[in-house]
Amino acid sequence: MNPYILAILLFGLGLGTTITFASSHWLLAWMGLEMNTLAIIPLMAQHHHPRAVEATTKYFLTQAAAAATLLFASITNAWLTGQWEIQQITHPLPTTMITLALALKIGLAPLHAWLPEVLQGLDLTTGLILSTWQKLAPFALILQIQPSNSTILIILGLASTLIGGWGGLNQTQLRKILAYSSIAHLGWMILVLQFSPSITLLTLLTYFIMTFSTFLVFKLNKSTNINTLATSWAKAPALTALTPLILLSLGGLPPLTGFMPKWLILQELAKQGLAPTATLAALSALLSLYFYLRLSYAMALTISPNNLTGTTPWRLPSTQLTYPLATSTAMTICLLPLTPAISALLTP
């Protein structure tokens, strides 16, 4: 892609998110979300491959439906209450509709079906943008409206953690596994949103760091399914030794960084008298942990078979930047002891 066009598209992505962050009016927020969607579509379709075009079409239709619902709900709110302020939304009908529209935008269960299919059709770089940056603007709106109907958030959160765990169990494609991982993590964030927005922000931040590391590892190894992970030891032995730690951190295993948000969320849910919800969420984390362990086993504990498809590929030295991967990997593995300091920084 032409670097000028790429720069314009990335600028459009940043501007759309910034407009949604800064807006106090529903029309302006909707405009920012639309700019975000329109800026990422050429990035998704840049490889003229039927799978990429199909994924782009699915993404566009889903996001357009969510944006139309959001616009309809905000107009309904203006009709019922006479104002367009984001933080002044009080009527339960538009609140529920807006919550569901934003849930569709970020891929929360049971409105999640588009996310694995879309992510599977993209290259890893665009998939990384879709899994991280594209979540920011809808999350900003969810945090601002603070839906008063807490039951919907609990249902969305629990459904996402369970479906994110179950869905990834029988997958062999890494991008689909990462999509279900994203659904499960978003479920954890939504569960605790109404009780402690600061913990939700902390979870979002750690999810971004861990997902960034995972996508960059797969990009460095040019891996798209579990079988190609078995040859990664010959490409980058040190990284292959560290990757299981990154994956287990995504699964939330102590003493790695990914344990921090899960620990704080379970603690907060127990404080709010939601012990059964916390128990279900903790059990669903075991499902996610299983498929991360499966990836770790395929990558670090198996030797690739010596047939034509399993032999180590001939390759040139990698020209990819490794500093971002090194930084995010260190943070993914080592941030747990800093939990009190990070919590203090994020607590208003």
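This is a predicted model: local features need pLDDT of at least 70, side-chain atom pairs count only at pLDDT 80 or more; totals for chains, interfaces and linings use all residues.

Visitor: How are helix α1 and helix α7 oriented to each other, roughly parallel or roughly antiparallel?
Guide: Helix α1 covers residues 3–22 and helix α7 covers residues 133–145. Their axes lie 9 Å apart, and the packing angle is about 5°. Angles under 35 degrees count as roughly parallel. The relation of α1 to α7 is therefore roughly parallel.

Visitor: How many charged residues are in the contact of α1 with α7?
Guide: On the α1 side, the contact involves L13, G14, T17, T20 and F21. These meet W133, Q134, L136, A137, A140, L141 and Q144 in α7. The residues of this contact divide into 7 nonpolar and 5 polar, and the number of charged residues is none.

Visitor: Which helix gives the most to the lining of the largest cavity?
Guide: A search of the whole structure finds 4 cavities of 30 Å³ or more. The lining of the largest cavity has at least two residues from each of α2, α3, α4 and α7. With 4 residues, the helix that gives the most is α7.

Visitor: How many charged residues are in the lining of the largest cavity?
Guide: The largest cavity holds about 90 Å³ of space. Its lining consists of 13 residues, and those nearest the centre are Y59, Q63, K105, Q134 and P138. The lining divides into 7 nonpolar and 4 polar residues, while the number of charged residues is 2.

Visitor: Is H112 buried or exposed?
Guide: H112 lies in the loop between α4 (92–106) and α5 (114–120). Leaving aside neighbours within four places in sequence, H112 is in contact with G107, I163, Y180 and I183. A residue is buried when its relative accessible area is under 20%. The relative accessibility of H112 is 14%, so H112 counts as buried.

Visitor: How are α9 and α10 oriented, roughly parallel or roughly antiparallel?
Guide: Helix α9 (residues 174–192) and helix α10 (residues 197–221) have axes that come within 9 Å and cross at roughly 170°. An angle over 145 degrees counts as roughly antiparallel. The orientation of α9 to α10 is therefore roughly antiparallel.

Visitor: How many nonpolar residues are in the contact of α9 with α10?
Guide: Helix α9 contributes L174, L178, S182, H185, M189 and V192. Their partners in α10 include I199, T203, Y207 and F218. The contact has 5 polar residues and no charged ones, and the number of nonpolar residues is 10.

Visitor: How are α14 and α15 oriented, roughly parallel or roughly antiparallel?
Guide: The axes of helix α14 (residues 259–271) and helix α15 (residues 275–300) come within 8 Å and cross at roughly 160°. This crossing makes the orientation of α14 to α15 roughly antiparallel.

Visitor: How many charged residues does the contact of α14 with α15 hold?
Guide: The contact is formed by K262, L266 and L269 of α14 together with A275, A278, A282 and A285 of α15. Of these residues, 6 are nonpolar and none is polar, and the number that is charged is 1.

Visitor: How far apart in space are P244 and Y292, C-alpha to C-alpha?
Guide: P244 is found in helix α13 (residues 237–251) and is buried, with a relative accessible area of 13%. Not counting residues up to four places away in sequence, P244 touches S296 and A300. In sequence, P244 and Y292 are 48 residues apart, whereas in space their C-alpha distance is 8.1 Å.

Notes. Residues are numbered from 1 along each chain as its sequence is written. Side-chain values use heavy atoms; hydrogens and water are left out. Buried means under 20% relative accessible area, exposed over 50%, partly exposed in between (1.4 Å probe, protein chains only). Contact means heavy atoms within 4.5 Å. Axes are lines fitted to C-alpha atoms, for helices over the stretch in contact, and angles run from 0 to 180 degrees between N-to-C directions. Angles under 35 degrees count as roughly parallel, over 145 as roughly antiparallel, 65 to 115 as roughly perpendicular and the rest as oblique. Ala, Val, Leu, Ile, Met, Phe, Trp, Tyr, Cys and Pro count as nonpolar, Asp, Glu, Lys and Arg as charged, and the others, Gly among them, as polar. On a 1 Å grid over the protein atoms alone, a cavity is a set of points where a 1.4 Å probe fits but cannot get out, and a pocket is an open set with protein on both sides within 12 Å along at least five of seven lines; lining residues have an atom within 4 Å of a point. Grid points are joined across faces, edges and corners, and a volume is the space filled by probe spheres set on the points.
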